[in-house]
Amino acid sequence: MLTFLELTYVRPDLNVLETSMHAAINRLREATDVDAANNAISEINTLRNQFETASQLVEIRHTIDTRDGFYETEQGFFDEAGPVYQGYVSSYYHALTAHPLRTSLESTWGKQLFLLAEASLKTFSDAIIPKLQEENRLASEYTKLMSAAQIEFDGKTLNLSQFGPYLQSADRNVRKAASEARYGYLKEHGDAIDSIYDKLVHVRTDIAKTLGFPSFVELGYARMLRVDYDQSMVENYREQILETIVPIATSLKERQQRRIGVDSLYYYDEGFAFKSGNATPQGEEAFIIEGGKKMYRDMSPETNEFFEYMIDRGALDLTAKPGKAGGGYCTYIADEKLPFIFSNFNGTAGDIDVLTHEVGHAFQVYESRHFTVPEYGFPTYEACEIHSMSMEYFAYPWMEEFFGDQTAKYKFSHLAGGVTFLPYGVAIDEFQHVIYNQPELTPAERRAAWRAIEQKYLPHRNYEENDYLDSGAWWHQQGHVFGSPFYYIDYTLAQVCAFQFYAWMEQDREAAWKSYLALCKAGGSESFLTLVERAGLKSPFAPGTVNEAVAPIKAYLAETDDLALDRV
């Protein structure tokens, strides 16, 4: 069993792939019995997993070190090859959905595959391949710009991720100076970021128009494979957040202001939760990994097997370092049945959040590894995030392993953060709806649109004298806006589901875990709302669900003496 570092990458030969895919697709079209059709589909799945394995190896190795010339070149290859490959998959979907034996095939492969195929067919034609390639190139350009930061601060050269500890410093002057240095880099490149996004908005709008959509909004939903909810449901959900959560979040920010003892809560204060200092892990990566081993060994036999497998195969790259892309993610190397976790540990509580959040994703796809259908490894994004966010709560009993006597501070901050995140998450979503409904907006008008939305959902936010952020540029650092349009409301929908798991595990942990494990094993074989129902949860879209889900969190936070925690 090879480790990740030992895995060999070979660039796929697109000519060979095209010939093999088309031959298998033709066999599917011509199949007159179920066995022949199933064999063709199995062969197509094998070919797809091979291509996607190579693609994921490149993406991981490129984001680990964006300065590596070989993998930068290979990422460029996949930026160009991806849309061509998408064309092959589209041809397969046409044959699959129109097949005379469809009813029998659905009984073998599941109806969800066909629903996903039909949604995907709306998003592609050969005519848009050059525009898709341009979209990929622009998204990669943004990633490179954000990962190229080398900012001199505190006698060190830091990338954007490495500022985390300074942004949470107990010294307000350090927090302010670090924020100014970090956002100074973004301001310096603000016009370039605006330009990249302007080009992305226009190329995506062109793609949508070419495909016959009124705007990119409709295409964006189809790309996200949202087969059981629509824009009106999302809009009503945002209203639930505005009415129910914004007042709670504002109150929490007022408590934070009093707790840390400042006259005004400025943007550079928001990451600082306690006057005595934020809860931080009591060690670095090796310490955290050891704590993770114990936690997942004790949590369940399934998590123990999974986490040992990840360690044995070297499938985690966790600490921030020069040249590394920002953020964190989990992906899956299909041919190896190997999840991979990428993050940027920086000595803050976020390191533990990553260990639990991304492990939630990785555990789910590991439990779904029995699926050979590429569409079923992960579910659609909003369902994916249920696994990750809920794992953060399932891990609570082991937080003392990482935080010691600061555990209560961590739990309070983590739960408060879950609540205050919701308005931000829906603000990012509303912003994208505005932008893609009005693609003619100038960069300055886009910034103004963000600032207005931000003031609606985050009325506490105060940028003091930072003209860059006050112009409406905060979203420049939100990579999803650039690389995965409309992928953000998903986190908030999942958070509402995760809140329900939190309440459930407080009452009956065994039953909650059993439901969670079954949800993980289901992978992407069902749609979001079907998976929610399967898990015994209530739909976030249903009236009253947001209020009901947040009630236990609200009660816990209200009953907790946060000033007493600050004396720990």
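## The nonpolar core

The largest nonpolar core holds 188 residues, and Tyr197, Tyr237 and Phe501 have the most contacts inside it. Such a core is a set of buried Ala, Val, Leu, Ile, Met, Phe, Trp, Tyr and Cys residues joined through side-chain atoms within 4.5 Å; buried means under 20% relative accessible area, exposed over 50%, and partly exposed in between, using a 1.4 Å probe and protein chains only. Helix α21 (residues 489-522) gives the most to this core, with 18 residues. Helices here are DSSP runs (H or I, at least four residues), numbered from the N terminus.

Beyond its neighbours within four places in sequence, Tyr197 is in contact (heavy atoms within 4.5 Å) with residues including Phe431, Tyr436, Arg446 and Trp475.

## About the model

This is a predicted model, in which local features need pLDDT of at least 70, side-chain atom pairs count only at pLDDT 80 or more, and totals for chains, interfaces and linings use all residues. Residues are numbered from 1 along each chain as its sequence is written, and side-chain values use heavy atoms, leaving out hydrogens and water.

## Cysteines

With a disulfide taken as a pair of cysteine sulfur atoms within 2.5 Å, the count is zero. The sulfur of Cys330 lies 8.5 Å from the closest cysteine sulfur, in Cys384, which is too far for a bond. Cys497 is in no disulfide either, as its nearest cysteine sulfur, that of Cys384, is 13 Å away. Cys330 is buried at 15% relative accessible area, and Cys497 is buried at 0%.

## Around Glu118

Glu118 sits in helix α5 (residues 111-121) and is partly exposed, with a relative accessible area of 32%. Leaving aside neighbours within four places in sequence, Glu118 is in contact with Thr97 and Arg102.

Key: Helices (H or I, at least four residues) and strands (E, at least two) are DSSP runs, numbered from the N terminus.
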